[in-house]
Amino acid sequence: MYSFMGGGLFCAIVGNILLVVSTATDYWMQYRLSGNYAHQGLWRYCMSNKCYMQTDSIAYWNATRAFMILSGMSCFAGIIAGIMSFAHFSSFERFNRSFAAGIMFFVSTFFVLLGMAIYTGVTINFLGRRFGDWRFSWSYILGWVAMLMTFFAGIFYICAYRMCECRRGTGPR
């Protein structure tokens with residue numbers, strides 16, 4: 001049980017770090033504009049070694065930003081619940097923290113999936129046609145890796161919960 005929780009906590013911490021780095025950096029997409037390479041993230045775009053804030057209030061950027069932030073927050077809440085699941089407080093016997101942590105990690109996975117899907121769909125269908133020479137970059141890839149890490153953290157914590165439930169059912173009453 002503790003090995004599952006330890007593995008889940010490791011995946012969650014790595015996933016949360018990747019979520020923060022992915023959301024904060026400016027390399028979601030790289031493209032060539034007027035002969036120069038440019039890159040953009042959720043908050044800024046950079047051309048000719050100068051970066052500018054994304055001042056346009058475009059719905060897909062706002063949605064992607066919101067879902068990435070919600071994902072990071074729910075992953076952090078899952079990490080807190082996961083750390084608390086190592087402690088066994090008798091006053092919380094009916095509330096299983098391993099199960100709560102697993103659910104929070106699945107919620108985080110769902111939010112990052114929504115954010116990445118929105119960004120991917122709009123980028124391929126709109127921006128991909130606008131810029132001929134473009135590609136997704138490392139910040140974008142970190143977002144997908146973070147989704148996998150939070151998903152596996154959820155799997156590990158649900159497995160730990162199931163093992164705890166099996167032990168309760170076979171113990172003396």
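Is Ser85 buried or exposed? Ser85 is buried, because its relative accessible area is 4%, where buried means under 20% relative accessible area, exposed means over 50% and partly exposed lies in between, with a 1.4 Å probe and protein chains only.

## Basis of the report

This is a predicted model, in which local features need pLDDT of at least 70 and side-chain atom pairs count only at pLDDT 80 or more, while totals for chains, interfaces and linings use all residues. Residues are numbered from 1 along each chain as its sequence is written, and side-chain values use heavy atoms, with hydrogens and water left out.

## Overall arrangement

The protein chain contains four helices and five strands. Helices (H or I, at least four residues) and strands (E, at least two) are DSSP runs, numbered from the N terminus. Along the sequence, these elements follow the pattern α-β-β-β-β-α-α-β-α.

Of the 173 residues in the protein chain, 42% are buried. Among contacts in the protein chain with a separation of 6 or more, 70% are between residues 24 or more positions apart; contact means heavy atoms within 4.5 Å.

## The largest nonpolar core

In soluble globular proteins, nonpolar side chains tend to be buried together. A nonpolar core is here a set of buried Ala, Val, Leu, Ile, Met, Phe, Trp, Tyr and Cys residues joined through side-chain atoms within 4.5 Å. The largest such core in this model has 30 residues, and Trp28, Met68, Phe105 and Tyr119 have the most contacts inside it. At least two residues of this core come from each of helix H1 (2-24), strand E1 (29-33), helix H2 (59-84), helix H3 (97-130) and helix H4 (138-170). H4 supplies the largest share, seven residues.

When residues up to four places away in sequence are not counted, Phe105 touches Ala12, Cys75, Gly78, Ile79, Thr150, Ala153, Gly154 and Tyr157. Tyr119 lies in helix H3 and counts as buried because its relative accessibility is 0%. Leaving aside neighbours within four places in sequence, Tyr119 is in contact with Trp28, Met29, Gln40, Leu42, Tyr60, Trp61, Thr64, Phe136 and Tyr140. Tyr119 and Leu42 are 77 residues apart in sequence, and their C-alpha atoms are 9.5 Å apart in space.

## Packing of H1 and H2

Two packed helices are described by the angle between their axes and the distance between the axes. H1 and H2 pack at an angle of about 155°, and their axes are 9 Å apart. H1 is therefore roughly antiparallel to H2. Axes are lines fitted to C-alpha atoms, for helices over the stretch in contact, and angles run from 0 to 180 degrees between N-to-C directions. Angles under 35 degrees count as roughly parallel, over 145 as roughly antiparallel, 65 to 115 as roughly perpendicular and the rest as oblique.

In this contact, Leu9, Ala12, Ile13, Asn16, Leu19, Ser22 and Thr23 in H1 meet Met68, Ser71, Gly72, Cys75, Phe76, Ile79 and Ile83 in H2. By class, the contact of H1 with H2 has nine nonpolar, five polar and no charged residues. Ala, Val, Leu, Ile, Met, Phe, Trp, Tyr, Cys and Pro count as nonpolar, Asp, Glu, Lys and Arg as charged, and the others, Gly among them, as polar.

Met104 lies in helix H3 and is partly exposed, because its relative accessible area is 27%. Not counting residues up to four places away in sequence, Met104 touches Ser74, Ala77 and Gly78. Met104 and Phe76 are 28 residues apart in sequence and 8.7 Å apart in space, C-alpha to C-alpha.

Ile118 also has its place in helix H3, and at 27% relative accessibility Ile118 counts as partly exposed. Leaving aside neighbours within four places in sequence, Ile118 is in contact with Tyr60, Ala63, Thr64 and Phe67.

## Residues in loops

Ser85, the subject of the opening question, lies in the loop between H2 and H3. Leaving aside its neighbours within four places in sequence, Ser85 is in contact with Met5, Arg97, Ser98 and Tyr157.

Ser48 lies in the loop between strand E3 (44-47) and strand E4 (50-53), and Asn49 has its place in the loop between E3 and E4. Phi of Ser48 is positive, near 50°, in a residue other than glycine. Asn49 is likewise not a glycine, yet has a positive phi of about 60°. Ser48 counts as partly exposed at 46% relative accessibility, whereas Asn49 counts as exposed at 84%.
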